[in-house]
Amino acid sequence: SDTLRNAAYAVAAGIYDRVLVVGAEKIKDQGFSGLAVRNLDMGGLMFSMTMPGMFSMMATKYFNHYNITPEEGKHMLAHVSWKSHKNGVDSPKAHFRKEVSMEQIIKAPIIAWPLGLFDCCGVSDGAAAAIIVPAKDAKKYRDDPIYIKALQMSVAPADGTTTTKYDFLHVESTRRAGARSFEEAGITNPREEIDMAEVHDCFSVTEAVTMEDLQFSKEGNMKEDIESGFFDRDGGLSVQPDGGLKCFGHPIGATGLRMIYEIYKQCQGKAGKRQLKDPKLGLTHNLGGQPPHCTIFVGIFGT
């Protein structure tokens, strides 16, 4: 995502006329299995952290804050993964292309409660590329180019790791990058104006909380929107129409461009079996780090 952002700014500044953007990752060649554990020294206090462990804290805090029972919470998160795996069946480039039932998701082995196996994205290799040219020249190269409407990044301080300020109910940098992207693109009602979104669903709870951080759902209301099917492929705002990280895994260097590629194909009307009805505007959200101190990219693209 950041590579595309840098290329876009270079082209907009007139430094280059055409830029090739590439993202790639070979995670499966790293030679280790199991969870990656980080041992952190915070002022003499040592503690261990895994990614599922960190994001599971968002789920438990959200359940408690909004009086959601464990059973209700697991069902809500299961719908997130169920929807994505259902969508991924129609993505020929996805790693995982098989539907998974709600029962399978809920009863799957727990990784970090309440996150089970299907609440976590897989480990995959991958690559993606894009070519950026000035908007005024786009139709010299093809009849159906897609245009960049907004590109924003935000980096949050690590206050959640070192102090008690962070509430584990949101990602501050997502909120800031999203708000700035909407302002840049002239969007005043994201829930109604955005047709589709590819968001960073490393875990089901990450996608769920992002719905509120990007103003697609009101605070405390994403459970109702998720379970009503509002974010399903045929819902009011399709999220992960290609299956997201749940189906593509997470080759880190390629993930951001893969999201943008889906917006590109959907807005061209060339997404095959997963094609949405006449989308004009799509959003991508790419995350790096842990909830208390994430770097966030939000981009808006369309015809």
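What follows is a short talk about the labels used for this predicted model.

Trainee: Why are H3 and H9 called roughly perpendicular to each other?
Mentor: Helix H3 (residues 70-88) and helix H9 (residues 204-213) pack at an angle of about 100°. Angles of 65 to 115 degrees count as roughly perpendicular, so H3 and H9 get that label. Their axes are 9 Å apart.

Trainee: Which residues make that contact?
Mentor: On the H3 side, Leu77, Val80, Ser81, Lys83 and Ser84. H9 brings Ser204, Val205, Glu207 and Ala208. By class, the contact has four nonpolar, three polar and two charged residues.

Trainee: Now Asp225, what makes it count as buried?
Mentor: The relative accessibility of Asp225 is 6%, and the cut-off for buried is under 20%, so Asp225 counts as buried. Asp225 is in helix H10 (residues 222-227).

Trainee: And what is Asp225 in contact with, leaving aside neighbours within four places in sequence?
Mentor: Arg191, Phe216, Ser217, Phe230 and Phe231.

Trainee: How do you know that the buried residues of H1 are on the same side of the helix?
Mentor: Start with the list: in helix H1 (residues 2-12), Leu4, Ala7, Ala8, Ala10 and Val11 are buried. They cover an arc of only 165° around the axis, so they end up on the same side of H1.

Trainee: What covers the buried residues of H1?
Mentor: The cover includes strands S1 (19-26), S6 (125-132), S7 (147-155) and S11 (295-302), along with helix H12 (252-268). Just after H1, by the way, Gly14 takes a positive phi of about 80°.

Trainee: S11 is in that list. Why is S11 called largely enclosed?
Mentor: Seven of its eight residues are buried, so S11 is largely enclosed by the rest of the structure.

Trainee: What makes S7 and S11 count as paired strands?
Mentor: The rule asks for at least two bridges, and eight bridges join S7 to S11. Since two would do for pairing, S7 and S11 qualify, and they run antiparallel. Val155 stands opposite Thr295 in S11.

Notes. Residues are numbered from 1 along each chain as its sequence is written. This is a predicted model: local features need pLDDT of at least 70, side-chain atom pairs count only at pLDDT 80 or more; totals for chains, interfaces and linings use all residues. Side-chain values use heavy atoms; hydrogens and water are left out. Axes are lines fitted to C-alpha atoms, for helices over the stretch in contact, and angles run from 0 to 180 degrees between N-to-C directions. Helices (H or I, at least four residues) and strands (E, at least two) are DSSP runs, numbered from the N terminus. Angles under 35 degrees count as roughly parallel, over 145 as roughly antiparallel, 65 to 115 as roughly perpendicular and the rest as oblique. Contact means heavy atoms within 4.5 Å. Ala, Val, Leu, Ile, Met, Phe, Trp, Tyr, Cys and Pro count as nonpolar, Asp, Glu, Lys and Arg as charged, and the others, Gly among them, as polar. Buried means under 20% relative accessible area, exposed over 50%, partly exposed in between (1.4 Å probe, protein chains only). The arc is that of the directions from the helix axis to the C-beta atoms.
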